[in-house]
Amino acid sequence: MTKEQLIQQIFAKKSFLCVGLDTDAKKIPVHLLDLHDPLFEFNKEIIDATAPYCVAYKPNLAFYEAHGIHGMTAFKKTVKYIKDNHPHHFVIADAKRGDIGNTSKMYARTFFDEYDVDALTIAPYMGEDSVTPFLEYDGKWVIMLALTSNKGSHDFQLMQDAQGERLFEKVIRKGMEWGTTENMMYVVGATQGEMFSDIRRIAPNHFLLVPGVGAQGGSLQEVCRYGMTKDCGLLVNSSRGIIYASSDEHFAEIAGNKARELQQEMAIELDKISR
């Protein structure tokens with residue numbers, strides 16, 4: 001998916017919502033557990049219920065890898081289901097890969113050729129040769145970790161060099177040397193507030209993937225105030241607040257309602273900008 005196609009979907013649907021598919025077998029409704037592939041069946045119902053209100057899905061690989069081959073089969077079926085039934089949605093594999101060049105090439109082949117996702121989250125700690133193999137695929141995106149939403153993010157990401165540049169700023173600047181606004185995004189946690197302004201001074205036109213709205217306490221309005229661009233420039237992810245809003249037989253309908261509530265808030269924010 002190109003940047004312009006993503007932007008078109010955002011303004012057509014008045015939504016920049018990404019639904020995180022952090023599918024935990026211990027949290028899904030118990031009536032699904034007797035089915036042949038409960039993870040996939042849960043995802044399928046969530047996807048169909050939320051698709052009108054979001055533009056992206058983000059399966060978190062850890063929740064599938066934990067179940068071995070059966071979990072990875074559910075992941076692959078989930079991606080294919082989105083591609084076949086909701087082909088205009090952007091699919092992010094949240095795998096946080098990052099290794100030496102030859103290994104990264106294999107990771108890139110796995111996710112972009114085998115699974116055919118649109119984007120992959122990348123940990124850039126090992127540098128250029130661990131990131132650039134993912135940038136060799138036309139129409140695919142690298143989403144580099146920059147300033148994350150977890151408490152421990154400040155342990156390293158805010159460290160300053162002798163010139164006062166923080167590590168997350170250095171990561172963003174370096175990433176801009178490797179990729180472009182057409183194939184690279186950055187992960188910035190919704191809990192980081194006004195620091196979105198600092199990021200926009202460095203990367204005014206890149207898309208940001210923003211986790212942390214909802215269960216982690218991030219404010220959608222604050223994210224938009226400091227991080228939104230004329231093209232929106234944001235994919236705001238919500239996982240637990242949507243997919244686990246209910247555990248009864250009406251779980252998908254209630255998830256759809258939660259997604260619609262967020263979409264309506266996003267529509268208000270999008271109306272504040274013109275394109």
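Me: Over how many bridges do strands E5 and E6 pair?
Reply: We're looking at a predicted model here. E5 covers residues 141–147 and E6 covers residues 184–188. Val142 stands opposite Met184 in E6. The two strands pair in the parallel sense, and the number of bridges is five.

Me: In what order do the eight strands close into a barrel?
Reply: Pairing in this barrel is parallel. Ignoring direction, neighbouring strands are turned by 30° against each other on average.

Me: At about what angle to E3 does H4 run?
Reply: H4 spans residues 68–85, and E3 spans residues 90–97. The helix lies across E1, E2 (56–59) and E3. Relative to E3, H4 runs at about 155°.

Me: How far apart in space are Met72 and Lys83, C-alpha to C-alpha?
Reply: Start with Met72, which sits in H4. In sequence, Met72 and Lys83 are eleven residues apart. In space, the C-alpha to C-alpha distance is 17 Å.

Me: Are H2 and H11 roughly parallel or oblique to each other?
Reply: H2 takes in residues 38–50 and H11 residues 251–270, and their axes come within 8 Å. The axes cross at roughly 40°, while roughly parallel would need an angle under 35 degrees. The two helices are therefore oblique.

Me: How many nonpolar, polar and charged residues does the contact of H2 with H11 have?
Reply: H2 passes H11 in a right-handed crossing. On the H2 side the contact is made by Phe42, Glu45, Ile46, Ala49 and Thr50, and on the H11 side by Phe251, Ala252, Ala255, Gly256 and Ala259. Sorted by class, that contact has seven nonpolar, two polar and one charged.

Me: Is H8 roughly parallel or roughly perpendicular to H9?
Reply: The axes of H8 (residues 195–202) and H9 (residues 220–227) are 8 Å apart, and the helices pack at an angle of about 30°. The cut-off here is under 35 degrees. That makes H8 and H9 roughly parallel.

Me: Which residues of H8 and H9 make the contact?
Reply: H8 passes H9 in a right-handed crossing. From H9, the contact uses Val223, Tyr226 and Gly227; from H8, the residues are Phe196, Ser197 and Arg200.

Me: What is the phi of Lys14, about?
Reply: Lys14 is found in the loop between H1 (3–13) and E1 (17–21). With 37% relative accessibility, Lys14 counts as partly exposed. Its phi is positive although Lys14 is not a glycine, with a value of about 50°.

Me: Where is Lys96, which has a positive phi in a residue other than glycine?
Reply: The phi of Lys96 is near 50°. Its relative accessible area is 42%, so Lys96 is partly exposed. As for its place, Lys96 is in strand E3.

Notes:
Residues are numbered from 1 along each chain as its sequence is written. This is a predicted model: local features need pLDDT of at least 70, side-chain atom pairs count only at pLDDT 80 or more; totals for chains, interfaces and linings use all residues. Side-chain values use heavy atoms; hydrogens and water are left out. Axes are lines fitted to C-alpha atoms, for helices over the stretch in contact, and angles run from 0 to 180 degrees between N-to-C directions. Helices (H or I, at least four residues) and strands (E, at least two) are DSSP runs, numbered from the N terminus. Angles under 35 degrees count as roughly parallel, over 145 as roughly antiparallel, 65 to 115 as roughly perpendicular and the rest as oblique. A crossing is left-handed if the near helix is turned anticlockwise from the far one by less than a right angle, and right-handed if clockwise. Contact means heavy atoms within 4.5 Å. Ala, Val, Leu, Ile, Met, Phe, Trp, Tyr, Cys and Pro count as nonpolar, Asp, Glu, Lys and Arg as charged, and the others, Gly among them, as polar. Buried means under 20% relative accessible area, exposed over 50%, partly exposed in between (1.4 Å probe, protein chains only). Two strands pair if DSSP finds at least two bridges between them.
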